[in-house]
Amino acid sequence: MINETTIEGRCVVLYGQPSSFCLIQPIDRRTQPLLADEFLTIEKEGNGQSFLFVGLLIDDWNSELTPWPEPPVFGNKPFLGQANETLDYLVHRLIPTLKSHFGLNENTSFIIGGYSLGGLFALWASTQTDVFKGVAAASPSVWYPKWLDFSIQNRMLTQTVYLSLGKQEPLTKNQVMAQSGFNIERLHQKLVEQLGEGKTTLVWNDGNHFNFPEIRTGMAYAWVLSALRE
């Protein structure tokens, strides 16, 4: 059963039960109905591993999940670069509350993940804190301006990283977003050097950016759960 509640002034959804794994993901109202299929995928592909899922509802993805301001890449809405505020809430308000209310402790592995800009946020967050033991980045927006240079210059403070991308995503006519293929390959190469082959993977999914995001994200979390258990 998915429960929606308020923690430290922000709306979150909770699923599962307290265990040694806590999955955190930015979500929005539009994709919230897809979570049931995502949970089923995690449970199936994760070999029944128990977990507590915490979805943080995001009102403005272009603002709350972007690491620095950038002009519009598509449409006319700019990116405001307020990811620092979102991460501050996760680290200093949400996670301490989860620990006190659910009995989570230093043995709990927190995994940050997401799709699209949510995946980009997860990758960026892992360069800012070592709170997260794993990153599940499904079709992350690695086309984001200046991201490639940033990701190469900044070490990810985590133990394992899952990356995926749709095979058609780099084929877009948008010249900025078309960089996603090259950027994710370069990031994966760096992570292999940093973490080792068994602690990171890059999966190429059939289709474009909009094909089965809930399944792709579920697969990402399941892989990270398995990698951290080994």
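Which residues lie nearest the centre of the largest pocket? They are Arg-30, Tyr-115, Ser-116, His-209 and Phe-210, out of 28 lining residues. This is a predicted model, in which local features need pLDDT of at least 70, side-chain atom pairs count only at pLDDT 80 or more, and totals for chains, interfaces and linings use all residues. Residues are numbered from 1 along each chain as its sequence is written, and side-chain values use heavy atoms, with hydrogens and water left out.

**Largest pocket**
- The lining divides into 12 nonpolar, 11 polar and 5 charged residues (Ala, Val, Leu, Ile, Met, Phe, Trp, Tyr, Cys and Pro count as nonpolar, Asp, Glu, Lys and Arg as charged, and the others, Gly among them, as polar).
- A pocket here is an open set of points on a 1 Å grid over the protein atoms alone, where a 1.4 Å probe fits, with protein on both sides within 12 Å along at least five of seven lines; lining residues have an atom within 4 Å of a point.

**Salt bridges**
- The whole structure holds 8 salt bridges (a side-chain nitrogen of Lys or Arg within 4 Å of a carboxyl oxygen of Asp or Glu).
- One of them pairs Asp-28 with Arg-30, with the closest N and O atoms 3.9 Å apart.
- Asp-28 is buried at 10% relative accessible area, whereas Arg-30 is exposed at 67% (buried means under 20%, exposed over 50%, partly exposed in between, with a 1.4 Å probe and protein chains only).
- Glu-169 and Arg-216 also form a salt bridge, at 3.6 Å from N to O.
- Glu-169 is buried at 11% relative accessibility, and Arg-216 is buried at 5%.
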